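Please have the picture open while I talk.

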Amino acid sequence: MEQFVPVITVDGPSGVGKGTLCARLSAHYGYHFLDSGALYRVLGLAANKHNILTDEHALTALARHLPVSFKDGQIWLTTENVTDAIRTETVAAFASQVAAIPSVRTALLAFQQDFARLPGLVADGRDMGTVVFINACAKIFLDATPEVRAERRIKQLKNQGLDANIDQITKEIRERDERDRNRAVAPLKAAIDALIIDSSNLSPDEVFNQAVAWVDQRCVDRQLIV
Ligand code: C5P
């Protein structure tokens, strides 16, 4: 008998706090976690290394057999720990560039879907609810203004002892959003059955509480019935 695997999708633009929300949801429900953005970032990093960022054929072949692994919160590209290296804005821009190629997205589809295992999954990305896990029991679309997201990013960088320019960060966020929203395949948008949370004026606790109320209503009851 096929078992029901509860999947919670969290989509939204960059710097909106999806990672924080997903980490809390995954701890709260004891579910696995998929950071799909990390996959595109690792691909972007590897593609740049091999000088194939604009070679669609080679990129797709690499995506099909991407030697990436996630272990104890660390991300590996073959034997190299790339956990920190993929977090730069430069690598984010590579990621968004390779992510706009349809054959690359198709190549990464099954790999991502394989993360849906018991007891459940929290999936973080741009197209989790619209493409990768269309049957997810609870879909959330997290949003916030570019200005609020830039301020949060600056705070994050300051906490890491790094300096950043607010205008530059806002510009980078806007450019990446634009590319993610306007690409032909799997553009960033809310699934029609998603709960949209605008977190601009909400605390992380308020966002989390709204999300849990939605998930409990959509997934947990269903699990008991099955
Ligand atoms: O979420 P994160 O900022 O790590 O994602 C980096 C980039 O990867 C995004 O700007 C987007 O272009 C791409 N991405 C995507 N689909 C996903 C996750 C990320 O296209 N599901």
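Let me begin with a term: a residue is called buried when its relative accessible area is under 20%, exposed when that area is over 50%, and partly exposed in between, with a 1.4 Å probe and the protein chains only. What we have here is a predicted model, in which local features need pLDDT of at least 70 and side-chain atom pairs count only at pLDDT 80 or more, while totals for chains, interfaces and linings use all residues. Residues are numbered from 1 along each chain as its sequence is written, and side-chain values use heavy atoms, with hydrogens and water left out.

Is Ser 200 buried or exposed? Its relative accessibility is 18%, so Ser 200 counts as buried. Ser 200 sits in the loop between β8 (194–198) and α9, where helices (H or I, at least four residues) and strands (E, at least two) are DSSP runs numbered from the N terminus. For its polar contacts I use pairs of N or O atoms within 3.5 Å; within protein, one atom must be able to donate a hydrogen and the other to accept it, and residues adjacent in sequence count only if both atoms are side-chain atoms. On that basis the side chain of Ser 200 makes a polar contact with the side chain of Asp 198 at 2.7 Å, and a polar atom of the Ser 200 side chain lies 3.2 Å from the backbone nitrogen of Thr 145. If contact means heavy atoms within 4.5 Å, then Ser 200, leaving aside its neighbours within four places in sequence, is in contact with Asp 143, Ala 144, Thr 145, Val 148 and Arg 152.

In helix α9 itself (residues 204–225) we find Trp 214, which is buried because its relative accessible area is 16%. Not counting residues up to four places away in sequence, Trp 214 touches Ala 138, Lys 139, Ile 140, Asp 193, Ala 194 and Leu 195. Between Trp 214 and Ile 197 there are 11 Å in space, C-alpha to C-alpha, for two residues 17 apart in sequence.

As for individual atom pairs, a polar side-chain atom of Arg 126 is 2.8 Å from an oxygen atom of the ligand, a side-chain N or O atom of Asp 127 is 2.9 Å from a ligand nitrogen atom, and a side-chain N or O atom of Arg 183 is 2.8 Å from a ligand oxygen atom. Taken alone the ligand exposes 460 Å², of which the protein buries 96%, the areas coming from the Shrake-Rupley method with a 1.4 Å probe.

Next comes the sheet, for which two strands pair if DSSP finds at least two bridges between them. It is an open sheet of three strands in the order β3-β4-β5, with antiparallel pairing. The edges are β3 (68–71) and β5 (80–81), each with a single partner strand, so one side of each has no neighbour in the sheet. Four bridges join β3 to β4, with Lys 71 partnered by Gln 74 in β4, and two bridges join β4 (residues 74–77) to β5, where Leu 77 stands opposite Glu 80. The hairpin of β3 and β4 has two residues between the strands, and there Asp 72 takes a positive phi near 50°.

That brings me to the backbone. Most residues other than glycine have a negative phi, and most peptide bonds are trans. Asn 51, in the loop between α2 and α3 (56–64), has a positive phi of about 60° and is exposed, with a relative accessible area of 70%. Ala 186, in the loop between α8 and β8, has a positive phi of about 45° but is buried, at 11%. Finally, a cis peptide bond joins Leu 118 and Pro 119, with omega about 10°.
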